[in-house]
Structures are given as structure tokens and as C-alpha cells.
Amino acid sequence: MKILILGAGQVGSSVAAALSVEDQNDITVVDSDAHRLRELTEKLDIRAVVGHASLPSVLAQAGLDEAELLVAVTSSDEVNIIACQIAAQQPDAPTRVARLRELEYLALAKQGLGGEAAVTAAISPEELVCRHVERLIATPGALQVLDFAEGRAQLVAVRALHGGALVGHEIRELRRHLPQGMDVRVAAIFRKGKAVKPEGITVIEAGDEVFFLAHQNAIKAMMSEFRSADKRLTKRIFISGGGGIGRRLARSLEKRYSVKVLERSRDRARAIAEDLLNTIVLVGDCADEDLLREENIDQTDVYCALTNDDEANILSAMLAKRLGCPRVVALINRASYAELVEGSTIDIAISPQSVTLSALLSHIREGAPERVYSLRRGAAEAIEVVVRGDRRSSRVVGRELDELALPDSTTIGGIVRGDELLIAHHDVVIEPGDHIILFVADKRDLPAVIALFKEVDWQ
């Protein structure tokens, strides 16, 4: 597939890296920063074009006329929309996916400047991060909460701690602890940063990062297997940073929780206060210890550091934790920073690039998985594929799970069939229309996994 990526920033680089492992992809990246492109081409087997991504001449030089997919992820909404609009006018227009921050642009992109839709799919990073944080708040103790099959199944990441019922025991003992009729599947385990293939005899150790798949109703019971039950209800949320993400999150949460927003800019704080109905808006520095004490941070259930400054988010989250807040979340753009702090003082480090990349991959990866989630800083992925075809045109229809030739790094967590979640057991037979949920610990195996589930044209 010929792919044209506009923007070599963190998201564009992540998309290029994720797609370049698939040999059939021919990738060209456009950016006005020659140094950034040079660094990218040294790491990846891609073509680079230096220039302004919305200029027709630059797009032509990059091979727009032959592109099958255009991914516009520059830092400018305007550039992304214009580039997609130019691509839409091509005789054989490519699929066009754009990252857009402004809500008004989202509507404009779908409508198009001349009646023709400028984009095939629009991704809003702020909206995605907001939804991601909401799911974490609703699931105390979770490191990640990922929805599959429109919420009929969830993949939850949790760190195993002393006091959990299953910690120190084999996975196969799990059935004895859970209520009758409740079925779950441990899809992956990471121990000291390395993947451990989950088998019945695998012993869960304290400190393990465990990914399990379950119906939404089973999440709470399953969480207690890996950590002592948290009986404290989440009522009070403190958000540092009144930018696009913080403001949107507060608006979404204020009807269900007691919410406070701390914003450094007095003018912006005034605008937020006028926009929100039930949120207390404060003016000040998120690293002001006296201010946090005065606002009873020790009685806050979740502290969310969501400014656009990584260092400020890390420091304020660590400070909130030291002052007694039981759960702190920090928005961190640099992967190296996130790896250093997550799981220590800071409970969860959220990468906007990783969240955005997951949504982008669902639209752009060949084979069109229904859902794609980039995990472990891009090293692993969780995907949902829908089984198409019949016994003649599919390699998987009518076969039991243990018959599938899956790479060693891949685990099938479950199958959503209609409204029912079937936890993966070796003798489950795959049917057309099944939603298969897989965890791939090594993303280099993704092409083989996706190829297995593609329909085959034998003619």
C-alpha cells in the first residue's frame, strides 16, 4: 500500500514506525523540518520529502497521485484539512485520515469545502484522551481500560500487588475465586518490562502488569484478584490544567463527581468558570504546595495533571501523591519520561500520542481491524478483528482456536458473538461475524496475525 504521512512529529513518527514493519507498505513522510525527517529516515525504511504539507506542488512531489492512503497529522488543523481537500479532488482519491483539534473543524472536515467531504475519518486527540481518562477514573486501580465490540468486552491492565487473592498463585486457580458463571481470561503478563506468556501454571507475582479480558460486569471482581479491594468510592476529582483536555474532562465529569480545575491563566480560568456549571475553578500554580493543601488534596480521590508541560505534570502529580492523594494521573508526551515515573510515585502516565495512534491505526491499517490499541509505548498491540467470509473464503471459519497458526507472541483473549462474550478456550469454534480480540506482545507479528483473518480470493 502506498501511504503518504503528513507530519513527522511524535504522532506522525509513531504512525510511520507502526506501519513500516509491514513489508507491503511504501511510506512517504512530508514535513518542513529537514532535521526531523533525517532522524526518521535513519531509523525507518521510508521516503522523506521536505516541504509545506498543504502545498499542491509538495504533495505532488510526494506522490499524491499514486497514494492509496493519506494520513494528515501535522500540528496544524488548517494544513491537515487543506491537504485532505486537495487529495479529495484527485481522480482516484486516497482514503484520508486527519488529526483535528478544533471541534468546529471536525464539522467542516466532514462537510467539505465544496460539498465533497474533505476527510474519510477525523481523529480528535483531546476527545480521545478525555474518554481514556474517564474510563480510568471509573475503574479504580486500572492502568488501562480498553473497550471492544462497542463496550461488550473490556481489556483491563492492572498491576498485581501484595494482598491480591491470586498473587503468588497459578492462573488456573482463578476459577475457584470468581463467582459461578463469571469467566475471564488473562491475555498477557509483563514482568519487569518483559512479556510472560500466560498459561495455567503461570504464577502471578507482585509487580506484574496483567492484562485481562472480561465482561464489564466482571471487572470489579477481577481487580480484587490482583490487588486488595479499594473500598473508597471515587467522588472528588482535581484537574490541573484548563486547556482543551482539562476543560473537556471537567465538563464531562461535573454531573457525576465533585470537580475542581486549577488553571494558571486568570483569563482562561474566568472563561472556564463561565463555561462549566458545577465545577470549582481555581487560579494558581499546580506545583504550589500551600494551594494544594488548602484545597484538601489529601481528601481528593483522583488527581489529574493535564497541563501541556510534561515537567509540571510530573512534579505536581508527585507532590499531590506525597500530600496524600491516593491516585494520581499525569499526561506525559515524552515516552522516556513516562517509563521513568509510571508505577512509582505516579500511578498512571498517559501518552496522548499512544492514545491517538490507537485510533488512527483502526482507520488506516490494511486489513481494517475494528479496534487497534497501541500498548507498552508502542511495543505491543491489542486488536479486534471481525471474521469475514465462510469456510471457503476464510482460513479461520469452522476451526477451533487451538488449530490456528498464531505467532508465539499472540494470545486470543475472547470472542464476542452477538451480545455474548466467549472467553477463549481451545475448543471454541470460530463462526462468521465473530469479533476476535487478540493481544500481540510483539507488534512485528501483526502482519501475520492480520493476514490470517483476511478473506481469501481463491479465484
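Both Phe212 and Phe226 are buried in this predicted model. Their ring centres sit 6.0 Å apart with the planes at 20°, so the pair counts as stacked. Phe212 belongs to strand β11 (residues 209-214) and Phe226 to helix α8 (residues 219-226), so the pair ties together parts that are 14 residues apart in sequence.

Searching the whole structure turns up 6 aromatic pairs. One of them, Phe148 with Tyr373, is edge-to-face, at 5.2 Å centre to centre and 80° between the planes. This pair links distant parts of the chain: Phe148 is in strand β7 (residues 142-148) and Tyr373 in strand β18 (residues 371-375), 225 residues apart. With the cut-off for buried set at under 20% relative accessible area, Phe148 qualifies because its relative accessibility is 0%, and Tyr373 qualifies too, at 13%. Elsewhere, ring pairs join Phe190, Phe211 and Phe439 into a cluster.

Phe226 and Phe439 come up again in the largest nonpolar core, which has 67 residues; these two have the most contacts inside it. Leaving aside residues up to four places away in sequence, Phe439 touches a list of residues that includes Leu155, Ala187, Phe190, Phe211, Leu375 and Thr411. Another core, of 47 residues, lies apart from that one, and Leu37, Val396, Leu401 and Leu452 are among its members.

Leu452 also features in helix α15 (residues 446-453), where Leu446, Val449, Ile450, Leu452 and Phe453 are buried. Looking down the axis of α15, the buried residues fall within an arc of 155°, so they line one face of the helix. What do the buried residues of α15 pack against? Their partners are the strands β19 (380-386), β20 (410-417) and β22 (435-440).

Then there is an open sheet of 6 strands, with parallel pairing and the order β14-β13-β12-β15-β16-β17. At its edges are β14 (279-283) and β17 (348-350), each of which pairs on one side only. On average, neighbouring strands are turned by 15° against each other, ignoring direction. Within the sheet, β15 (residues 302-305) and β16 (residues 328-331) run parallel and are joined by 3 bridges, with Ala305 standing opposite Ala330 of β16.

Helices pack on this sheet as well. Helix α6 (residues 125-138) touches β12 (236-240), β15, β16 and β17, and its direction makes about 165° with that of β17. Helix α10 (residues 266-275) lies across β13 (258-263) and β14, running at about 170° to β14.

Methods
Residues numbered from 1 in each chain as written. Predicted model: local features only at pLDDT ≥ 70, side-chain atom pairs only at ≥ 80, totals over all residues. Heavy atoms only, no water. Buried < 20%, exposed > 50% of the residue type's maximum accessible area, 1.4 Å probe, protein only. Helix = DSSP H or I, 4+ residues; strand = E, 2+ residues; numbered from the N terminus. Arc of directions from axis to C-beta. Contact = heavy atoms within 4.5 Å. Pairing = 2+ DSSP bridges. Axes fitted to C-alpha atoms, helices over the stretch in contact; angles between N-to-C directions. Core = buried A, V, L, I, M, F, W, Y, C linked by side-chain atoms within 4.5 Å. Phe/Tyr/Trp six-rings, centres within 6.5 Å; stacked < 30°, edge-to-face > 60°.
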